[in-house]
Amino acid sequence: MEQQLRTYMSQNANSFNVINATDDRLRIFTWISSLESWKRHRDLSASRLGGVGGWVLETPEFREWRDCDNGEPNRVLLCCGIPGAGKTFIWYGGV
Amino acid sequence: MYSSSLVTDHLCDSKIAPNIGVACLYCDYSGRKEQTPVSMISSLLRQFVTGMPEIPEELTQAFRAAKGHLGGRALKVERIIDIFPKVLKYFDRTFICIDALDEFRVEDRAVFLQLLKKIINKSRNTRLFLTGRLHIRLEIDRQFNRPFTTITIHPTHNDIRQYLTVKLDNDFGDGAMDDELKEEIITTISRKDSEMSVFYRFPIADLH
C-alpha cells in the first residue's frame, strides 16, 4: 500500500514537473520572440499545389547549395522573380 | 512565397545530415510594424532553439536575469548574435529561409542583411535561402560582399498546366465548363506563358 502510494506520489510529482518544465520552455520561447512565423509557413504549405515549382529543387544550383561540403561553397542562394512574369499568381497559389 | 514554402518543406524532410535545423521567415508589407531586423533575427533564434531537446543554459540564465527587469527585458541584439552560432552548432546543418526580402522595410533592410551576414559568417554549417524581386540582388551583393548563387524563378509550362488544371477542376461555376473548354483554356494559356501578366489582371473566374 505504502509502495503504491509512493509510486502514485512520485508519478504525480513527475507529471507536475513536466508541466512546469514545458511551461518554462514556452515562456522562454515567447521571451526570445513572439513572432510566430511558422504559422504562415503552415498555411502556405497546406495551400501549395503538389508538384508546381518543384523544378527549383532539381536545379544544379540548388543541389550544390544544399549539399556541398567541400571548400567554401556559395552558402547563400537567392531565388529571384521577374515582376509581371506571373510570379504573384502562381506563387500565391490563388487569386 | 510559393518557392520558399516549397524549399522549406523540402529541407525539413531531407536526409542530407542526421540533425538538420530549418528556420523560415516571410517578409510581408502588411506585417511591417512587427517585422524589424531584431524581431526577425529573434524569431529565427526561437525556431532553432525550439528544435533543441534542451534550451541552452546561457539562454535560460539570460531569461531568469531579464525576468526581474521591466516585466522581462528583451534580449539585446548583440547577445542574440553572440548566442546564435552556439545554437546553430548543435545541428549538423542549418538552413535559414527568408521569403520576399523586397517586402521588408527598405530603411531597415541593410541592418537586417548585416545581421544575417554576421550569423552565416560565424557558422560554416549554415545556408541561407532568400527570395525576392530582381533588384534585391544588388542590395545583397552590396551588404554581403561575398559570392552567392542566383536562380531566376519563372513558372514553367508544366507549372502553369498543373495550376490551371487544379483551379478548373475546383471550378463550381454555373456548369458552363466542360472537359473540352477546360482543355482549350489550359492549352491556350499555358502556351502563352510568356504573357503571364494576363493572370495578374484577370482572376480565373473571369476567364469563362
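In the predicted model, G132(B) is in contact with C80(A), A100(B), L101(B) and D102(B), its neighbours within four places in sequence being left aside. G132(B) belongs to strand β3 of chain B. The residue is classed as buried because 22 other C-beta atoms lie within 10 Å, the cut-off for a buried residue being 20 or more. Between the C-alpha atoms of G132(B) and V22(B) the separation is 19 Å, and the two residues are 110 residues apart along the chain.

Strand β3 of chain B, which covers residues 126-133, is joined by 6 bridges to strand β1 of chain A, residues 76-81. The two strands run parallel. In this pairing, R133(B) of β3(B) has G81(A) standing opposite.

Both strands are part of an open sheet of 5 strands, in the order β1(B)-β2(B)-β3(B)-β1(A)-β4(B) and with parallel pairing. The edges are formed by β1 (20-26) and β4 (149-153) of chain B; each of these has a single partner strand, so one side of each is left without a neighbour in the sheet. From one strand to the next, the twist averages 15°.

For chain A, the secondary structure consists of 5 helices and 1 strand. Read from the N terminus, the order of elements is α-α-α-α-β-α. Of the 95 residues in chain A, 23% are buried.

A helix pair was also examined in chain B. Helix α4 (residues 77-88) and helix α5 (residues 106-122) of chain B have axes that come within 9 Å and cross at roughly 35°. The crossing of these two helices, α4(B) and α5(B), is right-handed. On the α4(B) side the contact involves I81(B), F84(B) and P85(B), which meet L115(B), K118(B), I119(B) and K122(B) of α5(B). By class, the residues in the contact of α4(B) with α5(B) comprise 5 nonpolar and 2 charged, with no polar residues.

Note on methods: Residues are numbered from 1 along each chain as its sequence is written. Chains are lettered from A and ligands numbered from 1 in the order in which they are written. This is a predicted model: local features need pLDDT of at least 70, side-chain atom pairs count only at pLDDT 80 or more; totals for chains, interfaces and linings use all residues. Two strands pair if DSSP finds at least two bridges between them. Helices (H or I, at least four residues) and strands (E, at least two) are DSSP runs, numbered from the N terminus. Axes are lines fitted to C-alpha atoms, for helices over the stretch in contact, and angles run from 0 to 180 degrees between N-to-C directions. A residue is buried if 20 or more other C-beta atoms lie within 10 Å of its own, exposed if 12 or fewer, and partly exposed in between; C-beta atoms are placed from the backbone. A crossing is left-handed if the near helix is turned anticlockwise from the far one by less than a right angle, and right-handed if clockwise. Two residues are in contact if their C-beta atoms, placed from the backbone, lie within 7 Å. Ala, Val, Leu, Ile, Met, Phe, Trp, Tyr, Cys and Pro count as nonpolar, Asp, Glu, Lys and Arg as charged, and the others, Gly among them, as polar.
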